[in-house]
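This report describes the packing and surface of a single structure. The sequence and coordinates follow.

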Amino acid sequence: EKSWRDFECKKRLEHALIKGISEFVDKDVEEARLSVSKPLEVIEGPLMDGMNVVGDLFGAGKMFLPQVIKSARVMKKAVAYLLPFMEEEKKANLIAQGIDP
């Protein structure tokens, strides 16, 4: 039987968000980050896609508040992983503009 860990990165992140599994999120977020040009794209892409599924399931009554909270914790951990990369990108942009960060 195929494990959810064998899915492509985007689907693994979606599954982790829906199921509230934070164990592999740093590894999967890093894989996603390396496949895009900006760290924000990971948040706006696969992470938001996963949270949209969570919202749809909650709205349909197929997911309940405790599960949504677990999903939000996974999202928070994923964003926290990306923050240093986004700060570095911001700093590099300021330097490129000749502004001292």
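## Contacts of Val29

In this predicted model, Val29 touches Leu13, Val42, Ala78, Tyr81 and Leu82, where residues up to four places away in sequence are not counted and contact means heavy atoms within 4.5 Å.

Local features need pLDDT of at least 70, side-chain atom pairs count only at pLDDT 80 or more, and totals for chains, interfaces and linings use all residues of this predicted model. Residues are numbered from 1 along each chain as its sequence is written, and side-chain values use heavy atoms, with hydrogens and water left out.

## Nonpolar core

Val29, Leu13, Leu47 and Leu82 have the most contacts inside the largest nonpolar core, which has 19 residues. Such a core is a set of buried Ala, Val, Leu, Ile, Met, Phe, Trp, Tyr and Cys residues joined through side-chain atoms within 4.5 Å; buried means under 20% relative accessible area, exposed over 50%, and partly exposed in between (1.4 Å probe, protein chains only).

At least two residues of this core come from each of α1 (9–19), α2 (25–34), α3 and α4. The largest share, six residues, is supplied by α4. Helices are DSSP runs (H or I, at least four residues), numbered from the N terminus.

## Met63 in its loop

Met63 is located in the loop between α3 (40–59) and α4. With a relative accessible area of 4%, Met63 is buried. Beyond its neighbours within four places in sequence, Met63 contacts Ile18, Val54, Leu57, Phe58, Val68 and Ser71.

## Ile69

Ile69 belongs to helix α4 (residues 65–96). Its relative accessible area is 38%, so Ile69 is partly exposed.
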